[in-house]
Amino acid sequence: MRILIFALIILSLGACSKYDEGSPSFASKKSRLVNDWTMVKLTINGFDVTALKIITGVDIKANNTFTVYGEANGVETSSSSTWVFNGNKTQVLVTNADGSIDSYEIIKLEKDSLKLKIINNNGATVIHEYKSA
């Protein structure tokens, strides 16, 4: 009986969520992050800029690459790069074309919902909210 209780405690600790929002999951963080995501809401300093279609979606691959889709002046755009988790998997580190690295804090990571936060170079807080495509 003690072994069963101990096993249940260990399993429940393994499912704890590190993120501010969302439910605990037994699925790996990488398996939840790897997905074709559609933008639900994009805010900059609390202002909703989703309708500008700066970003319309992101396709995150298991080989640590991703492609971001959007629009600029009505023309579809895309940009690809690489990503990794930080050591404790609370941030996604993105390598930019110039070699610089952006750090996105994971607020929510579920199989069908993703929420990230970054403070950009201008000091603006940008929140990305996605749903599974």
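**Exercises on a predicted model**

S113 counts as buried because its relative accessibility is 15%, where buried means under 20% relative accessible area, exposed over 50% and partly exposed in between (1.4 Å probe, protein chains only). The model is predicted: local features need pLDDT of at least 70, side-chain atom pairs count only at pLDDT 80 or more, and totals for chains, interfaces and linings use all residues. Residues are numbered from 1 along each chain as its sequence is written, and side-chain values use heavy atoms, with hydrogens and water left out.

**Exercise 1.** Determine where S113 lies and what is in contact with S113.

*Solution.* Step one: S113 belongs to strand β8, residues 113–119; strands (E, at least two residues) are DSSP runs numbered from the N terminus. Step two: apart from neighbours within four places in sequence, S113 is in contact (heavy atoms within 4.5 Å) with W37, K108 and Y130. Step three: the side chains of S113 and K108 are joined by a polar contact of 3.4 Å. A polar contact is a pair of N or O atoms within 3.5 Å; within protein, one must be able to donate a hydrogen and the other to accept it, and residues adjacent in sequence count only if both atoms are side-chain atoms.

**Exercise 2.** Describe the largest nonpolar core and the contacts of V92.

*Solution.* Step one: the largest nonpolar core has 22 residues. Such a core is a set of buried Ala, Val, Leu, Ile, Met, Phe, Trp, Tyr and Cys residues joined through side-chain atoms within 4.5 Å. Step two: the residues with the most contacts inside this core are L33, I60, W83, V92, I106, L114 and Y130. Step three: β1, β3, β5, β6, β7, β8 and β9 each supply at least two of its residues. Step four: leaving aside neighbours within four places in sequence, V92 is in contact with L33, W83, V84, F85, D102, S103, Y104 and I106. In soluble globular proteins, nonpolar side chains tend to be buried together.

**Exercise 3.** Compare the positions, phi values and accessibility of N64 and N73.

*Solution.* Step one: N64 is found in the loop between β3 and β4, whereas N73 is in the loop between β4 and β5. Step two: phi is near 65 degrees for N64 and near 55 degrees for N73, each a positive value in a residue other than glycine. Step three: N64 is partly exposed because its relative accessible area is 21%; N73 counts as exposed because its relative accessibility is 83%.

Terms used
Helices (H or I, at least four residues) and strands (E, at least two) are DSSP runs, numbered from the N terminus.
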